Amino acid sequence: MNGSCIIIGGGIGGLFTGAFLSKNGVKVTVLEKNSIIGGGLQCFTRKGKTFETGMHVAGGFGPNGSLNKICRYLGISHKLKLQEVPSECSDEIYYRSSNELFKIASGRQQFTERLIQYFPHEAKGITAYVDELFRLTEEVPLFSLHEDSPLLENKHSDNFLISADSLIDKFVQDKKLREILAYLNPLYGGVKGHTPAYIHAILNVLYINGATRFIGGGQQLANALCEIITDNGGVVKSNSPVVKIEIEDKAVQYVQIETGEKYIADNYVSAIHPLAMVNIASNGAFRKSFVHRLNVIPNSTSAFSVYIDLKPNSFEYIDHTCYYMENFGLMWEQERQANQSIPNSFMYMTPPDENQGQYANRLLIHCLMSFEMVKKWENTASGKRGTSYEEWKFLMANYLIDKLSTLYPHLRDCISDVYSSSPLTIRDFYNTKNGAIFGFRKDCENLLISRLPVYTKISNLFLTGQNVILHGICGVPLTAINTSEAILGKNAIINAIQRQNENC
Ligand SMILES: Cc1cc2nc3c(=O)[nH]c(=O)nc-3n(C[C@H](O)[C@H](O)[C@H](O)COP(=O)(O)OP(=O)(O)OC[C@H]3O[C@@H](n4cnc5c(N)ncnc54)[C@H](O)[C@@H]3O)c2cc1C
């Protein structure tokens, strides 16, 4: 064996890190607080139907995509049931006030041509903008699985570090087009003047290269990663919340779970929100200035989701993601609007099932929402939040269903059951501050403050997960590579992935 490692948190970051380490001879133990592993990949089942909690659409599974290569390296590609989102229309954006519909195509050329069809007077700007998006991703070698130095330590171009909205404004003038180019905003919680252009570029290029959905939910990926760990002699323990990280002489001595059991290893990886980590670490283990910094880094916003169980053969299946906007002018306001009682924009989708036919089984509506909206119930626990909370959730879900019914007037007749989750659900389920869906917010006005390395001042404690480099199904596995290489040696995983893919 190549030493031992305990991983705190069995979400996407913890399981990918565990899989990389296990495959390279490390004896891994993953400790997950929830009864089901997976974090953002976890699904829940009601009346026989499975709903995704935090993973609905993924980039990077295309033929040359980083996730595809990573899964091939890990030997799990054949276990995943994926649905490629059609390139003809990978996303659609509907503006209610003007009744306009924009269908976004994927594939670099098709994406560009489709936008030019809608905005012919901006043809030159659109082409130059798309070129710049792809060029910006080349400044992050890890994105294409090339040997890398830590993100942002390289020298970067001016456009890399400006805000996403400024980048768009540099290339095109048409106000509607500027909004359309920012339509993926809810997938990274974009904030005008703050979200760095490189995050916008990475997310957009991922989706331009082709989006994918999990057939039957993302739990299958969590399970496949878990199997790598257990097949290599490791352990993945659910129902095991870590309540203490004992640190002495700048090294972790052990971690303890709620039952009192202690776990000891050579190395430890924290795959949970860094604030949650310092809260369970020995007093004084981290410098006050570091803890203060973690407390002041702004977190991304939270979300409200409505999960609808549809009656059989009633609501037509939609094979892509749909974005509903009440008016133009709201695209960069979604975070601020998230604080208002009535959401003006949301996304909706019908996730694919095995042997998907003409009709959908499930419909999901998802809108950004600030924690402020649920603050009055912040001291309550799941299932015991009281009638006022349940009534508010009921109203909110119905508001969103009514909005969507303006597009699908028969929707109410198709509904069998409705479930919903709020920022409180996300806070308690993932253990993130104020239910932040994408962890710490990256800010081009102050990039250093939200930049966390995978190393800590504690010699055998490493970080992974969405707070370190980038969130989401593509970003978190990339961080997991960095974290694993901090333990196994520089470029150990990247080189192995490259070798594996050369041989394919
Ligand atoms: C509603 C929603 C929708 C989203 N949609 C998408 C999408 O469509 N595409 C996309 O790419 N990304 C999406 N995301 C983001 C994506 O889910 C996250 O970026 C990703 O899950 C982060 O991975 P992680 O490993 O950092 O954290 P997580 O996946 O959240 O894993 C953290 C794990 O640690 C566990 N944990 C916490 N504290 C402890 C403790 N003390 N002891 C033991 N275990 C602990 C948690 O239970 C959890 O399982 C969405 C997120 C949300 C919330």
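Me: Before we start, what makes two strands count as a pair?
Reply: Two strands pair if DSSP finds at least two bridges between them. Keep in mind that this is a predicted model.

Me: OK. So how do strand 5 and strand 9 pair?
Reply: In the antiparallel sense, over 2 bridges. Strand 5 covers residues 58-59. Gly59 has Ala211 of strand 9 as its bridge partner.

Me: And which way does strand 6 pair with strand 9?
Reply: Also antiparallel, over 3 bridges. Strand 6 is residues 82-84. Leu82 is bridged to Phe214 in strand 9. Gln83 has Arg213 of strand 9 as its partner.

Me: What sheet does that make, and in which order do the strands come?
Reply: An open sheet of 3 strands, ordered 5-9-6, with antiparallel pairing. Strand 5 and strand 6 are the edge strands, each pairing on one side only.

Me: Is strand 9 buried or exposed?
Reply: Its residues, 211-214, are all buried. Ala211 and Arg213 point one way, while Thr212 and Phe214 point the other way.

Me: Zooming out. How is the chain divided into domains?
Reply: There are three entries. Domain 1 is made of 4-43 + 58-82 + 215-297 + 438-502. Domain 2 is 104-209, and domain 3 is 301-437.

Me: How far apart are the centres of domain 2 and domain 3?
Reply: Their C-alpha centres lie 27 Å apart.

Me: How many residues are in contact there?
Reply: 11 residues of domain 2 are in contact with 10 residues of domain 3. On the domain 2 side, the residues divide into 4 nonpolar, 3 polar and 4 charged.

Me: Let's pick strand 17. How does it pair with strand 16?
Reply: Antiparallel, over 4 bridges. Strand 16 is residues 321-325, and strand 17 is residues 345-349. Tyr323 stands opposite Met347. Tyr324 stands opposite Phe346.

Me: And how many bridges join strand 17 to strand 18?
Reply: 3 bridges, and the two strands run antiparallel. Met347 has His366 in strand 18 as its bridge partner.

Me: Why is strand 17 described as largely enclosed?
Reply: Because 5 of the 5 residues of strand 17 are buried, the rest of the structure largely encloses it. Both faces are covered. Ser345, Met347 and Met349 are on one side, with Phe346 and Tyr348 on the other.

Me: Switching to helices. At what angle do helix 2 and helix 17 cross?
Reply: At roughly 85 degrees, and their axes come within 9 Å. Helix 2 is residues 66-74, and helix 17 is residues 492-502.

Me: Which residues meet there?
Reply: From helix 2, Lys69, Ile70, Arg72 and Tyr73. From helix 17, Ala496, Ile497, Gln500 and Asn501. The residues of this contact divide into 4 nonpolar, 2 polar and 2 charged.

Me: Last one: Glu32. Where does it lie?
Reply: Glu32 lies in the loop between strand 2 (27-31) and strand 3 (43-46).

Me: Why does Glu32 count as buried?
Reply: Because Glu32 has 28 C-beta neighbours inside 10 Å. The cut-off for buried is 20 or more.

Me: What does Glu32 touch, leaving out residues up to four places away in sequence?
Reply: Gly9, Gly10, Ile37, Val236, Lys237, Ser238 and Ser240.

Me: And how many residues along the chain separate Glu32 from Val476?
Reply: They are 444 residues apart along the chain.

Conventions:
Residues numbered from 1 in each chain as written. Predicted model: local features only at pLDDT ≥ 70, side-chain atom pairs only at ≥ 80, totals over all residues. Domains from an automatic or database assignment. Contact = placed C-beta atoms within 7 Å. Nonpolar A, V, L, I, M, F, W, Y, C, P; charged D, E, K, R; others polar. Axes fitted to C-alpha atoms, helices over the stretch in contact; angles between N-to-C directions. Buried ≥ 20, exposed ≤ 12 C-beta atoms within 10 Å, placed from the backbone.
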